Amino acid sequence: MDKIVDVEICTGTTCFVMGAGHLMSLAEELPERLKGSVSIRFARCLGVCSVPDNGRPPFATVNGALIENASVENLVAACDLLLSGEKGMNYETV
Amino acid sequence: MENLFKEVEVYQVRKASELACGDVFLSNRDPLTDRLVSVLSDGLGSGVKANVLAAMTAQMALKFTLSELDMERSAEIMMNALPICAVRKIGYATYTIVDCQGHRSIRIVEQGSPRFIYIRQGRVIDLPFEELGSRQRDYRTVRITTCVPQPEDRIIFFSDGITESGMGTPNYRLGWRHSGVVHFVQSLLSDDPEISARTLVRRIVREALNKEPSRRAGDDTTCAAVYVRRPRRTLVLSGPPYDSSRDREVAGLLAEFDGRTAVCGGTSAEIVSRELGRPLHTPILRGRSTLPPVSRMEGVDLVTEGILTLTEVLRRLDHGDSSPTANAATQLVDLLLESDVIELVVGTRINDAHQDPNLPVDLEIRRNLMKRIKRVLEEKYLKEVNIRYI
Ligand code: FES
């Protein structure tokens, strides 16, 4: 398996206040099966926090798909989903 | 003569077994006459008693020096006022006074303390001095050294905790000694000729502790330094300008600034990046963090998030540095404390995101935060700070 999933974590003020600090350790908390298949980047404000319709911060994107209320768990789940090749992710793309 | 700035810094570690430090450092700066007087006194013994002796001595030395009484006379009065210990026949407290009078002259008065180190053009130099004996017919003498400072001169003075560190250990039977300190200072200066007084005193104390068994201070260990230099300038930009038509002007301000620069705030960083065409990059950190990470941009010394980082900076400035963990706030604090003249440029555009009433914290308004940072830098750290709203 050589697919790589690209995760971008917002570290802007709003996302940070709402818990993005915990996401910054994602690299260390990835389960073994995902190590080497996930590339993590930090972003400054993704610009989605000012629109209430986008949901709750913190925000992250996984292969460009926006994840609201991001947590280590739902980011891992999203990566698993993408790497297993399943469709059905219902996230809008930013 | 050009305007020279005198940076004065001290760092100390008390004897590991004591609760009070027996070395006392006092400093007084008069902005009107540009006179700076610093005193370091080391009280006999250690702990509370030493602390009281040193505090009395330092207070007296400072008062006498600031009074218009001439130096020789006040040195004599002090020597006579401070008795010698009846049992051990040694003075109750030693002291060093460094009196910088404008840019004209520096006078250094020493009684019993290790000889100060004078640096000119990156080298340790010896200065001629005068010696006065005590009227009490004991061994005590006061040394008075006078010189005319040049830009980049430094005076480093310390308690004997520095020179005697490591004493009795196999490598330093006689302690680190004055010559060891001189050697170390020379090597620090050749690595970094512009090292700030703040960094210098910390490095010297740390090196002294390295000589001690398990790095526990065997005596009160204090190092102070005065660094005469051209003022260092720093510009801190935080917040986008009220009117976005001024984005370019703000970026230009930063690009052309003669000194170090910092940008605190995601939006302001994006603006500067866009206007100057310099990409922003946020390196990955390991582990959780209590603050958003630092970003990098060519030509800017520090790029951080805004409100949270500035709140933490204010807290640290208020309480003095405490935790050694490096993050965006500690880096900004270092930058600010290594500067003499600080320009705060505060953007006043309202950031929609922070108006969200659902946020669990009360985000202080940037303007208010910057005002408080200005105040603490001026009052507690004696910095010259200008604030500008755009
Ligand atoms: S702070 Fe994360 S999207 Fe704005």
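A salt bridge is here a side-chain nitrogen of Lys or Arg within 4 Å of a carboxyl oxygen of Asp or Glu. By that rule, one salt bridge is found across the interface of chain A and chain B in this predicted model. The bridge joins A:Arg44 to B:Glu270, whose closest N and O atoms are 3.1 Å apart, and four residue pairs, both at pLDDT 80 or more, are in polar contact between the two chains.

The side of chain A that touches chain B draws at least two residues from each of helix 1 (13-23), helix 2 (26-29) and strand 2 (38-43), with helix 1 giving the largest share, seven residues. By residue class, that side of chain A divides into seven nonpolar, seven polar and four charged residues.

| Interface of chain A and chain B | Value |
|---|---|
| Residues of chain A in contact with chain B | 18 residues |
| Residues of chain B in contact with chain A | 28 residues |
| Area buried between chain A and chain B | about 1900 Å² |
| Share of that area from carbon and sulfur atoms | 63% |

On the chain A side, A:Thr13, A:Phe42 and A:Arg44 lose the most area to chain B, together 34% of what that side buries.

The largest nonpolar core has 58 residues, of which A:Val7, A:Leu26, A:Leu75, B:Leu317 and B:Leu332 touch the most other members; helix 9 (residues 328-337) of chain B supplies the largest share of this core, seven residues. Leaving aside residues up to four places away in sequence, A:Leu75 touches A:Val7, A:Leu23, A:Leu26, A:Ala60, A:Val62, A:Ile67 and A:Ala70. Another core, of 22 residues, lies apart from the largest one and includes B:Ile117, B:Val181, B:Val185 and B:Cys223.

Conventions
Residues numbered from 1 in each chain as written. Chains lettered and ligands numbered in written order. Predicted model: local features only at pLDDT ≥ 70, side-chain atom pairs only at ≥ 80, totals over all residues. Heavy atoms only, no water. Contact = heavy atoms within 4.5 Å. Buried area = accessible area lost by both parts, 1.4 Å probe. Polar contact = N/O pair within 3.5 Å; in protein donor to acceptor, adjacent residues only side chain to side chain. Helix = DSSP H or I, 4+ residues; strand = E, 2+ residues; numbered from the N terminus. Nonpolar A, V, L, I, M, F, W, Y, C, P; charged D, E, K, R; others polar. Core = buried A, V, L, I, M, F, W, Y, C linked by side-chain atoms within 4.5 Å. Buried < 20%, exposed > 50% of the residue type's maximum accessible area, 1.4 Å probe, protein only.
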